[in-house]
Amino acid sequence: MRERNVITGICGAVFALVTGLSSPALAQSATATAHTAPATTATAQAAIAQAGVARPQPEVYGRASYLLDASTGKALLDDNAGDRLPIASLTKVMTAYVVLREARLTDTVQITRADESYADDHGGTSADLRPGDRVPVGELLYGLLLPSGADAAHALARTYGPGVDGFVAKMNATARRLGLRDTLYVNADGLPMPGGDGYSTAQDQARLAAAALRDATFTKVTSTESHSVGETAQHRAYTWTNTNHLLGEPGVLGVKTGFTNAAGYCLTFAADRDGRRLVGVILGEDVSSRRFSTAESLLDWGSSAS
């Protein structure tokens, strides 16, 4: 009988934790349990796990979101994930993906005045590249993905198209090859274009990130919080800081932030947790900081989802 009362008490506490309410039949035993053993957060989570109750899904904001277990291919969360939306600088994931297949890391790219002015003239973020510098591709990828340099994107696209239009054609061909049927790129950086922005979906971008993260160089770059390049005879010194505030959390691998007025705040994120690789995308968030806290909650929730 004592064992039955204890189980009833735990179930009542779990019911209250999950729903915020106590049923009349369980309220009395749940109260008794609370008096004898006040629940901490850890204790409550353990009780939920022991009782086999699914952890509640975090509240998700933004226009679309998607969470993928890349280890199994299973979608854990799908909230308007098939809607075509502008994706801002998440575009640069594809830019890096194509460059890693077109170039050697030891290749050098000469920075031009056009690369510098492109970022300035279009209101894009910049890696502060200096015209005349010859920067190795392996270093330039950090300038592309950490500070989200539109100048770096322009320099890489111009070099490996050859020409920006040729490079964008390669981006779209790669999207089709990867089965990203709801994705269209119009430039290498995600900035608004007079003729119309490109678009993608949360689902397509998660699938792209999962593919890109199979490349060790891409993963190393997106996982880096800050990267410095010393001055050489070919280029000046640079230091780039990652705009992804998730870095430092357990297992986090990046991946990419983005923002334009049309796209809102966007985030592609990924982490290795308990032998699983989780990849997620949030599009059209209104609050910059909330995309990171939401992503963190989704990773915690996803790692415990069956």
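Student: Over which residues does pLDDT stay under 50, and how many contacts beyond four places in sequence does the model have for them?

Tutor: This is a predicted model, and pLDDT is the predictor's confidence in each residue. That confidence stays under 50 over residues 1-52, and the model has 28 contacts beyond four places in sequence for this stretch. The protein as a whole averages a pLDDT of 87, with 82% of the residues scoring at least 70.

Student: Which strands form the open sheet, and in what order?

Tutor: The open sheet has 5 strands in the order β2-β1-β9-β8-β7, with antiparallel pairing. Its edge strands are β2 and β7 (252-260), each of which pairs on one side only. On average, and with direction ignored, neighbouring strands here are turned by 5° against each other.

Student: How many bridges join β1 to β2?

Tutor: Strand β1 (residues 64-69) runs antiparallel to β2, and 5 bridges join the two.

Student: What is on each face of strand β5?

Tutor: In a regular strand the side chains alternate between the two faces of the sheet. In strand β5 (residues 226-229), H227 and V229 make up the covered face, while S226 and S228 make up the uncovered one. β5 pairs with strand β6 (residues 238-241) in the antiparallel sense, over 4 bridges. Within that pair, S228 stands opposite T239 of β6.

Student: Which residues in the largest nonpolar core touch the most other members?

Tutor: That core has 62 residues, and M94, F218 and L283 touch the most other members. Take F218: leaving aside its neighbours within four places in sequence, F218 is in contact with V93, A96, L100, L145, A212, L213 and V255. Apart from this core lies another, of 17 residues, including L67, I282, A295 and W301.

Student: At what angle do the axes of α4 and α8 cross?

Tutor: The axes of helix α4 (residues 91-102) and helix α8 (residues 164-177) cross at roughly 95° and come within 10 Å. The two helices are therefore roughly perpendicular to each other. On the α4 side the meeting residues are T91, M94, T95, Y97, V98, V99, R101 and E102; on the α8 side they are F167, K170, M171, T174, A175 and R177.

Student: Why is helix α6 described as largely enclosed by the rest of the structure?

Tutor: Helix α6 (residues 137-145) has 9 residues and 8 of them are buried, so the rest of the structure largely encloses it. The buried residues are V137, G138, L140, L141, Y142, G143, L144 and L145.

Student: Where is there a cis peptide bond?

Tutor: Most residues other than glycine have a negative phi, and most peptide bonds are trans. Here a cis peptide bond joins G161 and P162, with omega about -10°. P162 sits in the loop between α7 (150-160) and α8.

Student: What is the phi of N80, and what is the phi of S148?

Tutor: N80 is a residue other than glycine with a positive phi, near 55°. N80 lies in the loop between β2 (74-79) and α4. S148, also not a glycine, has a positive phi near 65°. S148 is found in the loop between α6 and α7.

Student: Is each of these residues buried or partly exposed?

Tutor: N80 has 40% relative accessibility, so N80 counts as partly exposed. S148 has a relative accessible area of 4% and is buried; the cut-off for buried is under 20%.

Key:
Residues are numbered from 1 along each chain as its sequence is written. This is a predicted model: local features need pLDDT of at least 70, side-chain atom pairs count only at pLDDT 80 or more; totals for chains, interfaces and linings use all residues. Side-chain values use heavy atoms; hydrogens and water are left out. A nonpolar core is a set of buried Ala, Val, Leu, Ile, Met, Phe, Trp, Tyr and Cys residues joined through side-chain atoms within 4.5 Å. Buried means under 20% relative accessible area, exposed over 50%, partly exposed in between (1.4 Å probe, protein chains only). Contact means heavy atoms within 4.5 Å. pLDDT is the predictor's confidence in each residue, from 0 to 100. Two strands pair if DSSP finds at least two bridges between them. Axes are lines fitted to C-alpha atoms, for helices over the stretch in contact, and angles run from 0 to 180 degrees between N-to-C directions. Angles under 35 degrees count as roughly parallel, over 145 as roughly antiparallel, 65 to 115 as roughly perpendicular and the rest as oblique.
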